[in-house]
Amino acid sequence: MNDRTSPYGFSVVICVYTEDRWEDILAAVDSVRKQSLPALETLLVVDHNERLLTRLTEEYAEPRPTEAVRVLANAGPRGLSAGRNTGIAAARGEFVAFLDDDAVAERDWLHHFATAYDDPRVMAVGGRTLPAWTSGRRPAWFPEEFDWVVGCTYRGLPPGRVRVRNVLGGNASFRRTAFDAAGGFATGIGRDGDRRPLGGEETELCIRLSKAVPEAVLLIDDRAVIHHKVPPVRERFAYFRTRVYAEGLSKALVARSVGAQKGLESERRYTTRVLPAGVLRGMRDALRGRSGGAGRAGAIVTGVTVAAGGYALGTLRARRHGTAFSWGPIERAGDGTAGATDTTGTALTRALVGDAAARPADAVASEGGAR
């Protein structure tokens, strides 16, 4: 391990938006504090929620000598992408890691990220996300091939440390210079609080990064493990349908921006190999009298159909109206305080993220620009 992966190299960004997850947020921060490779800092970015901002500022007002927790206000428009961009702009570390606000990281999470960066070509490293079902067990009908629906690593991804097209943002890290080369996460796509559960912002960013830095290597190391909470509402089939439909819409936007060849490269293998194998496995289990086999096979078929419908509608809308998301450069803050309110409550400089200065993503300009 070289100097670039010293104990003080990682800024961990956790984006938060609701007091309903108060205990989850505290647990996420605690898991970062317990890392075998200490983080330089934890950045809690609050998405336009003044009460939560104040409460977290008070909670982490007392600094620790070995690791700081800073509470920042999202300096851009509402949504996960702008929140992440705010964290990136404020980060002091050479590496920026992202952790979901309802997840906890295992003790060696940052250590496994760090070892991959000994190769200077590596620009991003993701990990393995395991579901923590609040009901105590996986619903019998829920196929592992669709664990991405609940923000987790799905069946079909290769094991070990492998090269990938994109990492998943809830359990990922980047060199800080990756954002200098490619810009930040695109706003207008991805999560926005409790609204429709869109996604795709990580995919779009990683493809844009690979274009900006052709020699870049992006990895997933399945030893970098986090446990992601799955609340009861997300264990229901209604949420499953909503989420896969939203993913279809998101994939249409990404494909329109970066091109279908890159935008759907991984999805082709997934739909032609992984999902058919899952259907056959479910049918085989049903014939053997195993619980949930028929339900899993049916869920896979339904998921593919609904996602395809979302993709078709999203493609039609993009052709008619253009894509409505944009990205821009991340303005570095010399002291790491952009767009933030620190734990003493001092108002600091706002970062230029997701504002009118943002540039449209590839191919948006031909459709009249982002709106």
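The model is predicted, so local features need pLDDT of at least 70 and side-chain atom pairs count only at pLDDT 80 or more, whereas totals for chains, interfaces and linings use all residues. Residues are numbered from 1 along each chain as its sequence is written, and side-chain values use heavy atoms, with hydrogens and water left out.

**Ser-11**
- Ser-11 is placed in strand E1 (residues 10-16), strands being DSSP runs (E, at least two residues) numbered from the N terminus.
- The side chain of Ser-11 makes a polar contact with the side chain of Glu-41 at 2.5 Å (a pair of N or O atoms within 3.5 Å; within protein, one must be able to donate a hydrogen and the other to accept it, and residues adjacent in sequence count only if both atoms are side-chain atoms).
- That side chain of Ser-11 also reaches the backbone nitrogen of Gly-93 at 2.8 Å.

**Val-217**
- Val-217 lies in strand E9 (residues 217-230) and is buried, with a relative accessible area of 6%.
- Not counting residues up to four places away in sequence, Val-217 touches Arg-121, Val-122, Met-123, Ala-124 and Arg-163, contact meaning heavy atoms within 4.5 Å.

**Strand pairing**
- Strand E6 (residues 122-133) pairs with E9 in the parallel sense over 10 bridges (pairing requires that DSSP finds at least two bridges between two strands), and Trp-133 stands opposite Val-230 in E9.
- E6 and strand E8 (residues 171-175) run antiparallel and are joined by three bridges, with Ala-124 opposite Phe-174 in E8.

Methods
Helix = DSSP H or I, 4+ residues; strand = E, 2+ residues; numbered from the N terminus. Buried < 20%, exposed > 50% of the residue type's maximum accessible area, 1.4 Å probe, protein only.
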